[in-house]
Amino acid sequence: MKNKIVSALLIAIVFTLAVIPSSQVQAKVQDFSDVNIELTLPDDTIVLTKNTPDTDKGWVSAGIADIKSEKDNMSKMGVKAVFYDPKTKSLIRFLQKQSSQTSKIFNLSLLSEKEKTDFFNSLLAAKDENTKTAIEEYPQKEAVFFRYSLEVNKDNSNMTELVYGTIVNGYTFSFDIYQNTKSAPIDETFMKTLVDGTHFTKFLDKAEVEKEVKNSIIRALVEFAVFIVLIVIWIIYRKRKNKKQKLLKDVKGAALSKFYAAKKVREEQNMKEDILFTNRTKYTEQIIKDFCYYNRFLKRIVTWVIMAVLSLVVLVLLSQSKVGLLGCIIAIILIFIFVYYQGVSVEKVVERTVKSYDKSKGMEAVYTFYEDYFTISGIQYISAFPYLQITEMKQYKDLIYIYLGPDKAFYLKKDGFDKGSEDFIKFMDTAIKAN
């Protein structure tokens with residue numbers, strides 16, 4: 001007897017285990033975490049979104065031939081997903097919209113009966129002989145929904161639209177179905193399944209949301225004001241800098257005229273000038289490349305550090321914004337392209353600079369330094385440059401760069417001096433400061 005009871009219990013357990021899983025797999029959950037909604041759907045429901053590939057067979061099963069047009073309408077109408085039920089052949093669109101009215105109501109369930117009635121009446125279309133509208137409340141376990149129907153009969157054609165919707169967290173969420181014929185009433189089975197399976201994972205507080213919106217507006221206005229102030233400061237700075245540069249240019253122009261006049265007098269009088277330093281530097285492609293990379297990157301190291309910090313700030317802001325990881329990836333790609341372009345452009349500058357020298361005349365530059373100017377020969381015709389034309393002097397590796405502008409410089413090897421480079425550097429520091 002006991003064996004029969006045990007056997008019966010085992011059979012019952014096996015049967016239960018076989019039946020329960022099959023009943024549980026009849027539903028699936030579609031998560032819309034960005035709007036705090038989860039939908040419980042029949043297991044065989046076909047779900048289509050803007051991210052669904054055009055090659056997905058679901059489009060064909062749902063009877064949607066023009067996929068591009070459907071996706072365009074999704075973006076325009078605020079359709080988050082399209083659901084198709086193979087059993088009832090129902091095609092339903094799930095929409096999310098926001099307006100000043102939805103923001104004001106915020107949560108339909110919190111309205112009084114009079115407020116709900118006034119809202120429902122506002123949704124009813126103007127009555128005419130071709131249009132029929134009706135609206136009624138549809139109770140759902142978590143929120144108050146409304147059932148809205150619209151029927152248009154015109155020119156021997158009939159169009160019926162059925163909407164189940166609600167307002168939660170300041171947005172309208174609705175399920176929409178269309179029918180172009182009146183051969184049979186709309187089967188609402190699948191529609192009610194979707195509505196009843198709607199679960200709101202979070203109900204927001206209207207006061208908190210309004211406060212956050214207000215703070216966001218204030219932040220945006222402050223950021224805009226700061227941006228305007230920075231532009232004004234930059235404009236004032238540029239004007240003052242341009243004015244200062246013009247004044248400096250005029251002063252240097254007068255000083256250059258005075259220098260060339262004095263030099264001409266010395267030449268006419270055959271006055272011999274003392275040579276203070278002489279340098280011989282053989283120009284090579286590597287020396288030119290070292291200068292170009294130094295001038296583009298190391299000389300501007302502070303600018304690059306600031307840009308790196310700003311890029312990091314942008315990446316952090318993007319990671320916390322709606323664009324998230326995708327925005328960060330795009331930003332990183334753009335930063336990589338920018339840095340890569342800088343390297344490519346330097347290589348092109350090196351190539352152009354090497355080509356600018358006439359190797360047939362030799363690649364050794366001879367620098368001769370006098371009291372108030374220096375000359376260069378070898379790689380070009382003898383040219384004289386007064387010290388007041390020098391904008392700055394930099395040192396890198398075993399080279400000294402004498403700048404005549406932001407990107408133009410002469411390269412002198414430290415071991416190319418006849419009297420040692422230390423005395424030359426002290427002399428040039430004094431000469432540049434004096435001018």
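**Entry 1. The open sheet**

I looked up the sheet and found seven strands forming an open sheet in the order β3-β4-β5-β9-β8-β7-β6, with antiparallel pairing. This is a predicted model, in which local features need pLDDT of at least 70 and side-chain atom pairs count only at pLDDT 80 or more, while totals for chains, interfaces and linings use all residues. Residues are numbered from 1 along each chain as its sequence is written, and side-chain values use heavy atoms, with hydrogens and water left out.

I took helices (H or I, at least four residues) and strands (E, at least two) as DSSP runs, numbered from the N terminus. Two strands count as paired if DSSP finds at least two bridges between them.

I noted that β3 (46-48) and β6 (131-139) stand at the edges with a single partner strand each, so one side of each has no neighbour in the sheet. From one strand to the next, the twist averages 20°. Angles here run from 0 to 180 degrees between N-to-C directions, and axes are lines fitted to C-alpha atoms, for helices over the stretch in contact.

**Entry 2. Strands β7 and β8, and the helices on the sheet**

I found nine bridges between the antiparallel strands β7 (residues 144-154) and β8 (residues 157-168). In this pair, N153 stands opposite N158 of β8. Helix α5 (residues 113-123) packs on the sheet and touches β6, β7 and β8; the direction of α5 makes about 25° with that of β7. Contact means heavy atoms within 4.5 Å.

I then traced helix α6 (residues 189-196), which lies across β4 (79-85), β5 (90-97), β6, β7, β8 and β9 (171-179). Helix α6 runs at about 170° to β9.

**Entry 3. M159**

I located M159 in strand β8. Its relative accessible area is 25%, so M159 is partly exposed (buried means under 20%, exposed over 50%, partly exposed in between, with a 1.4 Å probe and protein chains only). Leaving aside neighbours within four places in sequence, M159 is in contact with L150, E151, V152, Y178, Q179 and N180. M159 and Y178 are 19 residues apart along the chain, and their C-alpha atoms are separated by 7.3 Å.

**Entry 4. Helices α9 and α10**

I examined helix α9 (residues 301-320) against helix α10 (residues 324-356): they pack at an angle of about 160°, with axes 8 Å apart. The two are therefore roughly antiparallel (under 35 degrees counts as roughly parallel, over 145 as roughly antiparallel, 65 to 115 as roughly perpendicular, the rest as oblique). Residues making the contact include W304, M307 and L315 of α9 and A331, I332 and F338 of α10.

Four bridges join β12 (residues 364-369) to β13 in the antiparallel sense, and a hairpin links them through three residues. On the other pairing, β13 and β14 are antiparallel over four bridges. Their hairpin has five residues between the strands, and G378 in the turn has a positive phi of about 105°.

**Entry 5. T391**

I placed T391 in the loop between β14 (383-386) and β15 (392-396). T391 is partly exposed, with a relative accessible area of 43%. Its contacts, leaving aside neighbours within four places in sequence, are Y403, L404 and G405.
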